[in-house]
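Hi,

Here is the structure I said I would pass on.

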Amino acid sequence: MAETVLETTGLTMRFGGVVATDNVNFSLKARELRCLIGPNGAGKSTFFKCITGLLTPSEGQVFMRNQETTGWHPHEVASLGVGIKTQVPNVMDGLTVVENIWMAARRFMPSKEASDKAQDVIERLALGSIAKAELGRLAHGERQRVELGLVVAADPWLVLLDEPAAGMTAGDVDRMSAIIDEMTRTAAVVIVEHDMQFIRSIASTVTVFHQGAILMEDHVDKVMADPIVRNVYLGKKA
Amino acid sequence: MSRSWGRQDAATIVAAIVLIWLMPLLISTYTLTVLVIYGMLALSLGLIWGFGGILCFGQAAFFGLGAYTYAIAAINVGESTLPMILAVFVPALFAALLGAMMFYGRLTDVYLGVITLVVTLILFKFVNSSAGPQYVIGEARLGGFNGIPGFHTLNIPGQPDEYIWGDALYYVCAVALLAVYFLVTWLLRSSFGRIAIGIRENETRVSLMGYDVRARKTILFAIGAAIAGLAGALFANWGEIVTPGLFSLGQSAEIIIWCIVGGLGTRLGPIIGAAGLAYLKFLLGQQSLIDNTLIMGIILVLFVLFLPKGIVPAVASLWKASFGRRSGRKSARRRHMRRVDSANG
Amino acid sequence: MDLSFVILVEIFYAVASLALISAGLAVVFGMMKVINLAHGEFMMMGGYATITAVQLGVNVFVAMLIIAPLIVGLIGLVVERLVIRHLYGRLVDTMLATWGLSLFFIGMATMIFGNTTTSITTPITGFAVGDYQINGYNFFIFFVSAVLLISMYVLLKTTRLGLIARGTMQRSDIAAALGYSPDRIYMATFFCGSALSGLAGAVLAPLVGLVPTSGGAYIAKAFITVIAGGPSLIVGLISSSSLFGVVNQIFTFGISPVFGDVALLIAAVILLRLLPQGVTGKFFKGKM
């Protein structure tokens with residue numbers, strides 16, 4: 001039985017009178033791949049922000065490798081070895097791809113090794129042709145890929161990705177799937193995603209959020225076949 | 001870029017030494033000294049603003065604090081070495097406390113501007129009204145708007161009677177500026193400096209990488225204040241009097257103008273901006289047709305509108321463009337196009 | 001008894017003058033998210049406009065309440081067209097450019113009026129309460145700023161123009177999408193804001209000797225009052241100027257006027273540290 005790397009108990013977040021996530025109990029094993037889905041406003045992004053420390057939950061606890069991280073700052077969470085990618089691409093536009101990735105690696109190793117690590121990541125993610133380019137000049141898909149590179153460079157054991165495939169071309173999405181596949185060899189991965197095509201392609205266990213709570217949790221095919229899920233999510237979307 | 005570092009540094013030192021040696025032939029050392037000091041002051045803001053993204057409207061506060069610390073300590077101690085050290089550390093400590101308060105409270109942009117501006121005003125008002133005999137630190141009277149005159153000026157360390165003044169003070173200041181310049185260069189090449197640039201580019205991303213942005217900004221802010229404090233202490237030695245005007249908003253505005261005109265995100269830009277504009281002001285001071293402040297104001301507005309990146313980056317890219325193609329006509333056209341670009345942007 | 005009355009009047013005066021000083025800046029910041037660092041110089045110009053008009057034989061109230069706001073409003077209009085309009089959406093750049101403008105106007109005033117103190121006498125005489133002399137003009141300032149705030153409230157709340165203005169304040173992009181030209185709204189706003197600054201400078205001019213650098217004394221106070229007030233224009237203005245006015249007067253009477261100013265500034269720093277969104281960002285949400 002694999003170790004539990006991420007767990008939340010009774011996680012609740014209120015904004016004024018609105019309950020965005022309601023008493024969520026969630027757990028994730030090492031090297032597991034999990035997608036969070038749900039209609040807009042289901043609370044999955046709020047849940048994501050509570051785990052990463054971008055928001056402090058109103059109630060409940062977050063544990064990472066059995067250590068409580070409730071209310072920690074994002075930098076403290078990241079320092080544990082957690083790789084985070086936010087919904088909007090968060091990269092350093094004025095710096096080159098190498099400099100971006102070097103900085104991510106530098107947090108966990110000396111400068112020289114970080115340079116080697118950056119080269120390594122650039123090769124693995126096939127970023128060689130744009131390595132010296134400034135991020136601000138790159139296309140959306142390339143920026144997303146660089147941001148994944150920032151996550152990979154830190155050798156995380158837990159990866160949290162918020163809509164990594166948003167706004168990408170089909171080719172980009174395939175490449176993304178391959179990278180995520182490689183990540184799961186060493187890390188547990190949580191992905192918040194809308195794109196069902198993409199979720200199918202990486203074929204994982206899915207947690208469905210609805211009205212701030214977890215509706216069901218199962219393999220993607222079963223979830224898609226479930227009439228309740230179709231009703232709240234797919235039905236409404238069509 | 002990394003391969004040419006060694007050669008570039010050597011070239012900088014040679015150029016600096018030649019400049020330090022030749023400039024007194026053109027301008028009196030008395031004027032040069034203050035230009036050098038202003039260059040150092042501008043570099044202090046250039047570091048935290050241009051590379052750290054911290055817009056401080058109150059860099060004059062640290063400059064003034066350095067000058068006052070030096071003056072007060074020099075009166076009490078009777079020699080200059082300890083006061084010089086204090087003049088660096090007191091502003092740094094003050095900035096560390098102020099910075100911690102601001103950055104740990106996640107204040108950004110406008111709020112940072114408000115608080116630094118307000119703190120400068122508080123210091124100015126307080127010092128300006130400290131004329132009464134009750135405002136004494138040790139043997140030094142703060143003197144209110146009259147300032148503090150008659151303190152012990154710079155001496156050779158360990159020999160309180162060997163004063164450094166006139167030409168010697170100029171060379172000391174120039175070498176100090178060169179030292180600070182290389183300190184800043186070294187800092188920016190270190191991991192700390194590179195991460196500071198990352199924070200300027202995207203604070204959230206850097207914190208998601210696991211860096212404590214708040215602590216890093218506070219440290220950078222304190223380093224900037226230390227440099228400003230050193231400039232303040234040298235200024236006190238040059239002027240042989242310190243007055244509340246050092247803390248004034250006008251002084252803060254000038255530091256910002258120097259940085260904008262010279263160019264943010266460069267090390268040389270603020271120094272050139274400061275020396276150039278201060279010299280311009282000195283020349284303008286000899287005529288009474290047009291008011292000085294008015295010209296400074298126009299310069300600031302024009303640069304913000306038409307050349308927000310400043311002179312040094314513009315010249316650098318022009319240099320690159322003409323170096324690459326060797327065609328003078330092309331580079332002239334590029335310059336024209338860039339003007340149009342920045343006017344539209 | 002007499003003393004407490006005097007202190008009460010002084011506190012009311014301090015609050016009213018803070019609101020008056022800040023109104024112009026608040027309108028421009030609230031509507032356009034532009035911090036006009038030349039605000040103090042706009043006030044200074046309002047003062048000079050009044051004094052010049054009075055010297056030319058115009059009635060002092062006409063000069064203060066009509067001529068000064070008009071002139072400064074027009075100057076503001078020119079400034080908006082020439083400079084500010086190119087910098088919308090770039091908060092820091094507008095702050096820097098308007099700081100440049102402030103230096104420009106200081107220089108201009110120095111060249112025209114010289115670096116000496118100019119003043120006019122207060123048009124309303126004072127009266128005595130027991131042993132204390134009260135400046136009757138304080139009541140005038142209180143009156144002007146009350147009328148100003150009430151008419152701003154009525155204008156925003158009841159007129160069509162006010163509705164457009166409130167809409168622009170909340171979401172300028174949506175207002176633009178509904179067909180209201182932001183360009184014209186901003187132009188009008190900057191005119192109004194400048195006119196308010198001119199009015200404030202004019203009304204306060206008889207109380208202070210005017211020098212070209214007078215603006216510097218106002219800008220910081222106005223700046224912190226507006227920022228500390230937060231997003232709601234009128235409620236923010238009233239609450240933060242009340243808070244700062246009271247703090248200022250307590251320390252002025254307790255220690256000295258300088259400490260009053262210092263205490264005000266320190267209070268602002270503490271407040272911003274505790275409530276970075278300003279008073280109305282935390283309380284009175286959604287009010288005007």
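To start with one residue: is B:M40 buried or exposed? B:M40 is buried, because 27 other C-beta atoms lie within 10 Å. By the rule used here, a residue is buried if 20 or more other C-beta atoms lie within 10 Å of its own, exposed if 12 or fewer, and partly exposed in between, with C-beta atoms placed from the backbone.

Some housekeeping before the rest. This is a predicted model, so local features need pLDDT of at least 70 and side-chain atom pairs count only at pLDDT 80 or more, while totals for chains, interfaces and linings use all residues. Residues are numbered from 1 along each chain as its sequence is written, and chains are lettered from A and ligands numbered from 1 in the order in which they are written.

Back to B:M40. It sits in helix 2 (residues 29-51) of chain B; helices (H or I, at least four residues) and strands (E, at least two) are DSSP runs, numbered from the N terminus. Leaving out residues up to four places away in sequence, B:M40 touches B:L177, B:V180, B:I227, B:L230 and B:A231. Contact here is two C-beta atoms, placed from the backbone, within 7 Å. B:G232 is 192 residues from B:M40 in sequence, yet the two C-alpha atoms are 9.4 Å apart in space.

Now the B/C interface. In it, 35 residues of chain B are in contact with 35 residues of chain C. On the chain B side, helix 5 (109-128), helix 10 (249-262) and helix 12 (292-306) each supply at least two residues. Helix 5 of chain B gives the largest share, 13 residues. By class, that side of chain B has 25 nonpolar, 6 polar and 4 charged residues (Ala, Val, Leu, Ile, Met, Phe, Trp, Tyr, Cys and Pro count as nonpolar, Asp, Glu, Lys and Arg as charged, and the others, Gly among them, as polar).

Helix 12 of chain B is worth a look on its own. Its 15 residues reach 21 Å from first C-alpha to last, close to the 21 Å expected at 1.5 Å a residue (the expected span is 1.5 Å times one less than the number of residues). The buried residues in helix 12 of chain B are B:T293, B:M296, B:G297, B:L300, B:V301, B:F303 and B:V304. They cover an arc of only 165° around the axis, which puts them on the same side of the helix; the arc is that of the directions from the helix axis to the C-beta atoms. What covers them includes helix 10 of chain B together with helix 4 (91-113) of chain C.

As for chain C itself, there are 12 helices and 2 strands. Its radius of gyration is 19 Å, close to the 19 Å that the globule rule gives for 288 residues, so chain C is as compact as a globular protein of that length. (That radius is taken over C-alpha atoms, and the rule is 2.2 Å times the number of residues to the power 0.38.) Buried residues make up 51% of the 288 residues in chain C.

The contact between chains A and B takes 16 residues from chain B and 18 residues from chain A. Helix 7 (191-201) and helix 8 (203-208) of chain B each supply at least two residues of the chain B side, and the largest share, 6 residues, comes from helix 7 of chain B. That side of chain B divides into 6 nonpolar, 6 polar and 4 charged residues.

Last, chain A. In helix 5 (residues 140-153) of chain A, 10 of the 14 residues are buried, so the helix is largely enclosed by the rest of the structure. Its cover includes strand 6 (82-85), helix 3 (97-106) and helix 4 (111-124) of chain A, among others. After helix 5 of chain A comes A:D155, whose phi is positive, near 45°.

Strand 1 (residues 4-15) and strand 4 (residues 59-64) of chain A pair in the antiparallel sense over 5 bridges; pairing needs at least two DSSP bridges between strands. A:T8 stands opposite A:V62 in strand 4 of chain A. Strand 4 and strand 5 of chain A form a hairpin with 2 residues between them, and A:R65 in the turn has a positive phi of about 45°.

Cheers
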